[in-house]
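Here is a short briefing to read alongside the model. Please keep the structure open and follow the topics one by one.

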Amino acid sequence: MVIFVLATEAHDDDGLPHTLEHLIFLGSEKYPYKGVLDLLANRCLASGTNAWTDTDHTCYTMTTAGSEGFLSLMPIYLDHILYPTLTDSGYITEVHHVNGEGRDGGVVYTEMQGTENHGEVRVSSELNKIMYPGLCGYKSRTGGVMKNLRESTNNEKVRAYHKQFYRPENLCVIVVGHVKPDQILEALQPVEETIISKGPRGDFVRPWQSPVPPLLQSADVDVPYPCDEEDNGMVYVGWRGPSVVTQFYKFSACSILLKYLTDTSVSPLPKEFVDIPDPYASKVSYSLVENSESLLMIQFDNV
């Protein structure tokens, strides 16, 4: 198995990390055709390729049966990641377009259309914006929002984003399995030669180096969202927690405390809010966001 990880940062809701993740699979300089990567993956006895976008990184994965196919496919996958085609036609098809019936389309747009107005998504997004004020990537919607995908996001921005973050010095390659290190280095030799042949890449500013703006005041916000019934809603309570980078033991202690408070029917919060004759909520749970400045949440459903 191999995992390719790039640190990615966004300060808006254009969805550039997610958009670029989709476009990577539409072809590369050496293999400029859509579907080539998955076709070759099947021939190399791979269970397919996969990718996901998180707030602070983008990850691409591949798993094969045996090392021979793995070694053949790894440089091809890297060629797609570092040198994708990023054509305008691919962007229009994959990200956003208006079809012949005048309706918005595109794989990325449709994905966001299916989740954007869910109550949990709207409330979590609003909470992130409150907890991380100012210029901070932790509050951005890396998947994009429909309005931005229609009006703001474009292929030029995607290309600039790729140039900024999809660089060899920002790429981590993690290999797991029975494969010899010298075989890996030999398989990567063509990739290294291609990187060198491209010449200087310009200055690189490593992402996520700016300090996270402090939370200066509390807030109580109502977030409307579409729902089948208007009688019940949800309540999210959030706190800025310890740094996962420099205060991991304190963060772990917070995790244990939240688990104690919410995990079972005899935990204090379910006992007081749920398991009573006239319950305030149907469920109490907790959530942790492992940022450099973490976010701790307690969630009440069907309030």
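In this predicted model, strand S1 pairs with strand S3 (residues 57–64) in the antiparallel sense, over 6 bridges. Strand S1 is also joined to strand S6 (residues 171–175), again running antiparallel, by 5 bridges.

- The structure holds 8 salt bridges.
- One of them brings together the side chains of Asp 14 and Lys 157, with 3.0 Å from N to O.
- Asp 14 lies in the loop between strand S1 (2–7) and helix H1 (16–23), while Lys 157 belongs to helix H8 (residues 155–165), so this pair ties together parts that are 143 residues apart in sequence.

**The S8–S9 hairpin**
- Strand S8 (residues 283–289) and strand S9 (residues 295–301) run antiparallel and are joined by 7 bridges.
- The link from S8 to S9 is a hairpin through 5 residues.
- To find the pairing on screen, look at Val 284, which stands opposite Phe 300 in S9.

- The protein chain is divided into domain 1 (2–198) and domain 2 (235–301).
- Their contact takes 9 residues from domain 1 and 10 residues from domain 2.
- Between the C-alpha centres of domain 1 and domain 2 the distance is 32 Å.
- In general, the size of an interface is often given as the accessible area lost when the parts come together.
- For domain 1 and domain 2 the buried area is about 850 Å², and carbon and sulfur atoms give 61% of this area.
- On the side of domain 1 that touches domain 2, the residues are 6 nonpolar, 2 polar and 1 charged.
- How many salt bridges are there between domain 1 and domain 2? The count is 0.
- Polar contact does occur across the interface of domain 1 and domain 2, where 4 residue pairs are found, both residues of each pair being at pLDDT 80 or more.

Key:
Residues numbered from 1 in each chain as written. Predicted model: local features only at pLDDT ≥ 70, side-chain atom pairs only at ≥ 80, totals over all residues. Heavy atoms only, no water. Pairing = 2+ DSSP bridges. Helix = DSSP H or I, 4+ residues; strand = E, 2+ residues; numbered from the N terminus. Domains from an automatic or database assignment. Contact = heavy atoms within 4.5 Å. Buried area = accessible area lost by both parts, 1.4 Å probe. Salt bridge = Lys/Arg side-chain N within 4 Å of Asp/Glu carboxyl O. Polar contact = N/O pair within 3.5 Å; in protein donor to acceptor, adjacent residues only side chain to side chain. Nonpolar A, V, L, I, M, F, W, Y, C, P; charged D, E, K, R; others polar.
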